[in-house]
Amino acid sequence: MNIKHLEHLLALADTGSFSRAAEQCFITQSALSRSIQNLETQVGAPLFPREGNGVVPTDMGLALIQISEPTRPLYSAYAVFCLKNKKILIQIKNIDPMLT
């Protein structure tokens, strides 16, 4: 799980739409979907069921959103850092032992 996964998770939670979240993150809708699927695989549970119009987080999705919220200020720092150091990824490991 890295900072981009959390950025995508929170954008999807904010917008309730894969297309709007992808636009907000400046990526394609399919890239956002892959990112969320990857996150769901890592967590071991669905975070946003893909049904009908709009998306609503599951209980696990809500829990991950809640503990990811404090990472929001890191996005601009991450962007600046990546511009200066393009080869380095900031990874967040073991966000919450309760999820493992």
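I began with His 8 and placed this residue in helix α1, residues 3–15; helices (H or I, at least four residues) and strands (E, at least two) are DSSP runs, numbered from the N terminus. I note that the model is predicted, that local features need pLDDT of at least 70 and side-chain atom pairs pLDDT 80 or more, while totals for chains, interfaces and linings use all residues. I number residues from 1 along each chain as its sequence is written, and side-chain values use heavy atoms, without hydrogens and water.

I looked up the exposure of His 8 and found a relative accessible area of 7%, so His 8 is buried (under 20%; exposed is over 50% and partly exposed in between, with a 1.4 Å probe, protein chains only). I then listed its contacts (heavy atoms within 4.5 Å). Beyond neighbours within four places in sequence, His 8 touches Cys 25, Ile 27, Leu 32, Ser 35 and Ile 36.

I next examined helix packing. Helix α1 packs against helix α2 (residues 18–25) at an angle of about 130°, with the axes 8 Å apart. Axes are lines fitted to C-alpha atoms, for helices over the stretch in contact, and angles run from 0 to 180 degrees between N-to-C directions. I recorded α1 and α2 as therefore oblique to each other (under 35 degrees is roughly parallel, over 145 roughly antiparallel, 65 to 115 roughly perpendicular, and the rest oblique). Among the residues making this contact are His 8 of α1 and Cys 25 of α2.

Finally, I checked the whole chain: the protein chain has five helices and zero strands. Of its 100 residues, 38% count as buried.
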